Amino acid sequence: MTGSMTAARPVTARTTRLHALDGLRLVCALGVAGYHYSVSWRLDGVRLPEYHLPTASHVLIYGFLGVEMFFLISGFVIGMSAFDRTLRQFAAARIARLYPAFWACVVLTATVVTLWPVSTGVPVSGVPTVRETLVNLTMLAEPAGVRLVDTVYWTLWAELRFYLLFALLVMWGLTYRRVAGFATVWLVAAGAGPLLPDWTGPVVMPDFAPYFAIGVALCLMRRFGPTPWLWGLVAGGWLLVLPRMAARVAELRPGFEVPAAPALVIITLAVAALTAIALGATDHWNVRSLATAGALTYPFYLLHQRIGYTVLRGAREGTELPAWLLLSATIALLLGVAWLVHRFVERPLAPRLRSFVAG
C-alpha cells in the first residue's frame, strides 16, 4: 500500500458543521417512521396497511432503508469525531451523545405503553417490567437477552459494537493507514461472512459492516483527500451492499409485491450523497434549521415507533380522519416531543456527562 494508495497527513482542516448531513439524518429518521407507520403494522388492528394507504404504502415501505443510511452516516461521523482524541475523550463523547436522550426516551416509551398498551396488529407489544426497563437503560438489553422496551433499539447494539471496534483503533492511535486498513479487513471479513465461524458474526456484522466501512472510507477522504485505496473501499462496500439489499427486500412481507430495484437505487444515491458531502460539495450550506433537524433525529427515532402506534391507534378509534392526516400529525407531534427531549435533557445533561466521564 504505497504511492497513491496512501496519505501521510490531513489535506483539509474543515471543521464547520455539515448542515447537509443533519438534513440527511432527519430524512433517514422520517423514512423509518414512514415505514413503521404505513407498512409494518395495521392501523385499525385488522386490515393490511395497503387498505388505508393504497398508494403511499408502496412508496413508504422503502423507508426501512433509513437504518442502513444511518449506518453509513455513523461510519463517517465516528471517524471524523475520533481523530485527535484520546480513548477516554472518545468514550466520553459517545456516552454523552447516546445516553441522556436514550434514558429519557426509554422512560417515556415504557410509561406510555404501560398506561395505553396496544396489543393487536403491531410487531411489538407487551408491557415492560421494571427490571426490563432498568436493563434497557444500560443499552445492553439485547446482549443480555432482555426484551427491548422498543424494538428500534436493536440498531443501537449494532452501533455500540462498531464503536467498540473503533475504540481499539483509537487506543492504538489513529492514522490514515491504520483506519483504512481496518476498513479493508472488515470489508473482506464481511464478504467472507458465510465462510467464517458462527461466533464471529456478532463482531464482523456482515450485513451491516459494508455501510460502516463506506462511511469510514469517506471520512478518510474528507480528512486526507481521495485516493485509489479509498475509492476502492467505497466501491467494494457498495458492491457488497447490493445483494444484501435485494435479500432484505425479499424478506419484507407487506401483503403486496416489493420490487428490489428502487431500494438499490436509493442506497446508491445515499452513498453518492454522502460522498458529495465528504468531498465538500455542500460545505457552503449554512442553514441553521438543518442543525435543529439533526438534533431532533436521535430522540425522534427512539420515540417514534411504539408511542406512535399508541397515538395513531387512539386517534383512529376516536376520529374519522384519513390515515395520511393521522400519520402526518403523529410525526409532527413526536418531532415536538423530540425537541423537548433535546432541549431539556440532552442539552443540559450531555456536557455534564461528558465532563464526568472525561475526568
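Does Thr275 count as buried or exposed, and at what relative accessibility? At 10% relative accessibility, Thr275 counts as buried, where buried means under 20% relative accessible area, exposed over 50% and partly exposed in between, using a 1.4 Å probe and protein chains only. Thr275 is found in helix H13 (residues 261-278); helices here are DSSP runs of H or I with at least four residues, numbered from the N terminus. Leaving aside residues up to four places away in sequence, Thr275 touches Leu218 and Trp231, a contact being heavy atoms within 4.5 Å.

A word on the ground rules. This is a predicted model, in which local features need pLDDT of at least 70 and side-chain atom pairs count only at pLDDT 80 or more, while totals for chains, interfaces and linings use all residues. Residues are numbered from 1 along each chain as its sequence is written, and side-chain values use heavy atoms, with hydrogens and water left out.

Now for the rings. A search of the whole structure turns up 22 aromatic pairs. Rings of Phe, Tyr and Trp (its six-membered ring) pair if their centres lie within 6.5 Å, with planes under 30 degrees apart counted as stacked, over 60 as edge-to-face and the rest as tilted. Phe71 and Phe212 make a tilted pair, 4.9 Å centre to centre with 35 degrees between the planes. This pair links distant parts of the chain, with Phe71 in helix H4 (residues 65-82) and Phe212 in helix H11 (residues 209-224), 141 residues apart. Both Phe71 and Phe212 are buried. In the case of Tyr176 and Trp229, the ring centres are 5.8 Å apart and the planes at 85 degrees, so the pair is edge-to-face. Here Tyr176 belongs to helix H9 (residues 176-191) and Trp229 to helix H12 (residues 228-251), 53 residues apart. Tyr176 and Trp229 are both buried too.

Phe71 and Phe212 also belong to one aromatic cluster, whose members include Trp154, Tyr163 and Trp186. The charged end of Arg94 sits over the ring of Tyr163, 5.6 Å from its centre; for this, NZ of Lys or CZ of Arg must be within 6 Å of the ring centre and within 35 degrees of the ring normal. Arg343 likewise lies over the face of Phe344, at 5.1 Å from the ring centre.

Methods: Helices (H or I, at least four residues) and strands (E, at least two) are DSSP runs, numbered from the N terminus.
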